[in-house]
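Let me put the model up, and then we can walk through a few places in it together.

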Amino acid sequence: MNLEDFNNLSQGQAAAILRPCLDVERWINDIVASRPYSSNDELLATGYRSAETLSEAETAAALAHHPRIGERADGNSAEAHLSRGEQADLQLNDDITAQLSAANRAYEARFNRVFLIRAAGRSSAEILSECERRLGNADDIEAREVAEQLSAIALLRLENAISN
């Protein structure tokens, strides 16, 4: 969809476009309420500013829409489709799949949530390395990293959803 069309949608239609990017009502409302945008840079800046203040509750709710890294998202939802696309370039063989599965289990045992990372543009080795590094994070630092990754995913999705 182009920016002009997005600017002219009803509030409900605009929210429906944004929800798969980041299913956080405040974030969606911030972006919808700030229309019209004169450029995609302005749109992305609004999305970035709003995502910078994700609360722990908003982050936890948004994580529910993200599968484990290395696992194919189920269903036909927009979020599942986006996730499959973002992880499409991962080179997954039996060894890498087993390593990612073990890393996911260790992370979930340590932080009690799914390991989240912007997979687009990263190799399986980079993702594994980041998971191992982040396992050593203090809880508050990891919470910040999760929110940053969630924001990065949301902005990538927003940029892909609305073009010039």
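This is a predicted model: local features need pLDDT of at least 70, side-chain atom pairs count only at pLDDT 80 or more; totals for chains, interfaces and linings use all residues.

**A walk through the helices**

Let's begin with Pro36, which sits in the loop between α3 (25-33) and α4 (40-51). Helices here are DSSP runs of H or I with at least four residues, strands are runs of E with at least two, and both are numbered from the N terminus. The peptide bond from Arg35 to Pro36 is cis, with omega near 5°.

Residues are numbered from 1 along each chain as its sequence is written, and side-chain values use heavy atoms, with hydrogens and water left out.

As a reminder, most residues other than glycine have a negative phi, and most peptide bonds are trans. Asn112 is exposed, at a relative accessible area of 73%; exposed means over 50%, buried under 20%, and partly exposed in between, using a 1.4 Å probe and protein chains only.

α7 and α8 pack at an angle of about 25°, and their axes are 10 Å apart. The axes are lines fitted to C-alpha atoms, for helices over the stretch in contact, and angles run from 0 to 180 degrees between N-to-C directions. That angle makes α7 roughly parallel to α8, since angles under 35 degrees count as roughly parallel, over 145 as roughly antiparallel, 65 to 115 as roughly perpendicular and the rest as oblique. Contact, meaning heavy atoms within 4.5 Å, involves residues including Leu100 and Phe111 of α7 and Leu128 and Cys131 of α8.

Compare the next pair: how do α5 and α9 pack? Helix α5 (residues 56-63) and helix α9 (residues 139-161) meet at an angle of about 55°, with axes 10 Å apart, which makes α5 oblique to α9. On the α5 side the contact is made by Thr59, Ala62 and Leu63, and on the α9 side by Val146, Ala147 and Leu150.

Leaving aside residues up to four places away in sequence, Leu150 touches Leu22, Leu54, Thr59, Ala62, His66 and Leu116. Leu22 is 128 residues away along the chain, yet the two C-alpha atoms are separated by 7.9 Å.

Glu52 belongs to the loop between α4 and α5 and, at 53% relative accessibility, counts as exposed.

Last stop, helix α2 (residues 11-18). Which of its residues are buried? They are Ala14, Ala15 and Leu18. These cover an arc of only 100° around the axis, so they lie on the same side of α2; the arc is that of the directions from the helix axis to the C-beta atoms. Gly12 and Ala16, on the other side of α2, are exposed. The cover over the buried residues includes α1 (3-8), α3 and α9.
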